[in-house]
Amino acid sequence: MISFGVFETFGAGLLILGFGYLLSRLRIFSVLCLPAAVLGGVFALSVLVFFSHFFELKISFDESPKESLLLAFFASLGLDIDFSKKSNFSKNFFIFLGLCAFIMVLQNLLGITIISLFDKQKELGLIAGSISLSGSFGMGAFWSQVLKTEPYNITNALDISIACATFGVLFGSVLGAPLGAFLIEKFVLKKENFRLQSKEKSPSQKELGNELGNALVLFFSKKELKNTIISALLLAFCVLCASVIKLFISLPAIIFALIFAFMLRVLCYFFGLNLAHKNLALLGNFCLALFLALALISIDLKALLDIGLPLFVLLCLELVLMLFFVFFITFRVFGRDYEAALLSSAQCGLCLGATPIALANLEKLELRFFSSKSALAILCLSGVFFIDFINVLVIWLFLSFL
């Protein structure tokens, strides 16, 4: 067993991310629109599994950098809000929330039905449903403690939820962006409005074609170095404040990171201080990519392989359900336009994996095509503040009737 500390883990994440960017330049991966972090993370995970299986060499990574990276990304979203542009997304926001709640109900109904056919405890269907898929690891850990007690007595609930969440994160990250790219190219590129909008990329998106190259420019260019340092200090301040407040209030730290970042952005707006939006966007995207790379190499594939035939069949059907839902319902409800394709890809990542997976899918599509502030705002607001509350309500209702 080899244990990597914080610096070794961070260095490994950088190498994996760099290798992922090289792979993303290959035509096959560029067409599939797979994020570089996913490519590098899946390749590194395959290498780790190979050495673990054939040479019994296991490597463990420090988990502490992941939360800070995720907090920094959400802080960058709060600081990057542009008050000069107004986006009317309220209607689409509520529609998106409603569709997410609907897919949670369908996930649980499918889970209970399939598990019942195998003559297993019905609560297992909830674990492999919205608890682990839409809720990911955090929701799985919470409800596992509930399901281990009377009257459920599912002693291995935590192991099952981790394996199911692993399945969701893996396929949510691998399938989300390619699905969005497929929808865009098949339905949207044929429309005149797409060609008109594609000429109106935001300045930051025009310069984000090569994320790694531009990230290096921020650190080695004298012109950009000052703005980069200021942006990094602001992100670090938000991360520190969120981490401290979390010690006293039992809420996800990403909420506090967003709140502090938004407060700083409001102060800068009223005092006329200009923030370097390009630098914030690149630093935030870099933190998200590094988080995703570290998350993927921490996946326990052994737990996934040991999940058992009934649950494996159920998870495969949940995957089919998700793809069917976003293709035939979400994409069409939002009007089969560019934003509909972005939200469909984001929902695939959100309701199979987690909010960071959905954001990575959205980022990759925006880098290849063009940005949509409305889609990003809808995803952030729903993924951070509302999805978990809706999921808790849905799970509680199902448990009440079982």
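Predicted model: local features only at pLDDT ≥ 70, side-chain atom pairs only at ≥ 80, totals over all residues.
Residue numbers start from 1 along each chain as its sequence is written. Local features need pLDDT of at least 70 and side-chain atom pairs count only at pLDDT 80 or more, while totals for chains, interfaces and linings use all residues, and side-chain values rest on heavy atoms, with hydrogens and water left out.

On the sulfur side, the count of disulfides (pairs of cysteine sulfur atoms within 2.5 Å) comes out at zero. For cysteine 238, the nearest cysteine sulfur belongs to cysteine 241 and sits 6.7 Å away. Cysteine 238 is also buried, at 0% relative accessible area; buried here means under 20%, exposed over 50% and partly exposed in between, with a 1.4 Å probe and protein chains only. Cysteine 268 is likewise in no disulfide, its nearest cysteine sulfur being that of cysteine 238 at 9.8 Å. With a relative accessible area of 11%, cysteine 268 is buried.

Now for the helices, which are DSSP runs of H or I with at least four residues, numbered from the N terminus. The axes of H16 (residues 309-333) and H17 (residues 338-352) come within 10 Å and cross at roughly 155°; axes are lines fitted to C-alpha atoms over the stretch in contact, and angles run from 0 to 180 degrees between N-to-C directions. H16 and H17 are therefore roughly antiparallel, a label for angles over 145 degrees.

Contact means heavy atoms within 4.5 Å. Among the residues that meet are Leu319, Met322 and Phe325 in H16, and Ala340, Ser344 and Cys348 in H17. By class, the H16 contact with H17 has eleven nonpolar, three polar and no charged residues; Ala, Val, Leu, Ile, Met, Phe, Trp, Tyr, Cys and Pro count as nonpolar, Asp, Glu, Lys and Arg as charged, and the others, Gly among them, as polar.

Conventions:
Helix = DSSP H or I, 4+ residues; strand = E, 2+ residues; numbered from the N terminus. Parallel < 35°, antiparallel > 145°, perpendicular 65-115°, else oblique.
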